[in-house]
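Let's take a walk through this structure together. Keep the sequence at hand as you read.

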Amino acid sequence: MSYQLEYKQKFDDLDYRLNNLDELRRIANGGNSILFTYPPEDEHLYIKKAIELYQSKAHFIDIAQLLVNFIDQDGIKEFEDLYRDFINTPHELFRSKDDPITDLYDMIISEIKKAFNEGKIPIIVRTGSLYGTGIENNNIMEHKDIMNNQIPLVVFYPSKIKDDTIYFLNFKIANKYRCTVVK
């Protein structure tokens, strides 16, 4: 189905879920997130439409920009060296449990908390940028501050759906998320 035929139904569904939060937690198995699926090739169209519709009540968090900011902390050369060192364990670079330095995961959670503090819906976009970092979308969705907030997290999720199976970036089988899905 083309973007023009699909987007109205998807955004109507998203609005419904945002306006029925009690139902959201029940459907999401106690989670507090909405997974908004769309074809990766139409990502820019869905993000543009979301900004148009939710600009005043949402805080958009661009994962690709946060990744660039993370790399810029120490510079590209340092990042390249670190990435080579952690090539088999990228989660230790992008989501370190022991390191006091702010990592990519910390940056994402910080932006989500900022949205909550502003009373806005956090909408994370360009989540395909997480591929290869060791950070899974469910790591973000299941963070205690997100699970316990009154405002839900919306995750824009470039994917295809085949036989009720969601494929992140059209090839990676999605995790079992504690969320509701807008298909």
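First, some housekeeping. This is a predicted model, where local features need pLDDT of at least 70, side-chain atom pairs count only at pLDDT 80 or more, and totals for chains, interfaces and linings use all residues. Residues are numbered from 1 along each chain as its sequence is written, and side-chain values use heavy atoms, with hydrogens and water left out.

Start with helix α3, residues 43–54. Helices here are DSSP runs of H or I with at least four residues, strands are runs of E with at least two, and both are numbered from the N terminus. Buried residues in α3 are E43, Y46, I47, K49, A50 and Y54 (buried means under 20% relative accessible area, exposed over 50%, partly exposed in between, with a 1.4 Å probe and protein chains only). They cover an arc of only 165° around the axis, which puts them on the same side of α3; the arc is that of the directions from the helix axis to the C-beta atoms. On the face turned away from that buried side you'll find the exposed residues H44, K48 and E52.

Now for the strands. β4 (residues 153–162) and β5 (residues 165–168) run antiparallel and are joined by four bridges; two strands pair if DSSP finds at least two bridges between them. They make a hairpin with two residues between them, and D163 in the turn has a positive phi of about 55°. β5 is also joined to β6 (residues 172–173) by two bridges, again antiparallel. F168 is a handy landmark: S159 stands opposite F168, and F168 stands opposite K172 in β6.

On to the inside. The largest nonpolar core has 50 residues, and F36, L104, I112, I140, V154 and F156 have the most contacts inside it. Such a core is a set of buried Ala, Val, Leu, Ile, Met, Phe, Trp, Tyr and Cys residues joined through side-chain atoms within 4.5 Å.

Finally, the rings: the whole structure holds 16 aromatic pairs. Rings of Phe, Tyr and Trp (its six-membered ring) pair if their centres lie within 6.5 Å; planes under 30 degrees apart count as stacked, over 60 as edge-to-face and the rest as tilted. Y38 and F156 form a tilted pair, 5.7 Å centre to centre with 55° between the planes. That pair links distant parts of the chain, with Y38 in β1 and F156 in β4, 118 residues apart. Both Y38 and F156 are buried.

Notes:
Expected span 1.5 Å × (residues − 1).
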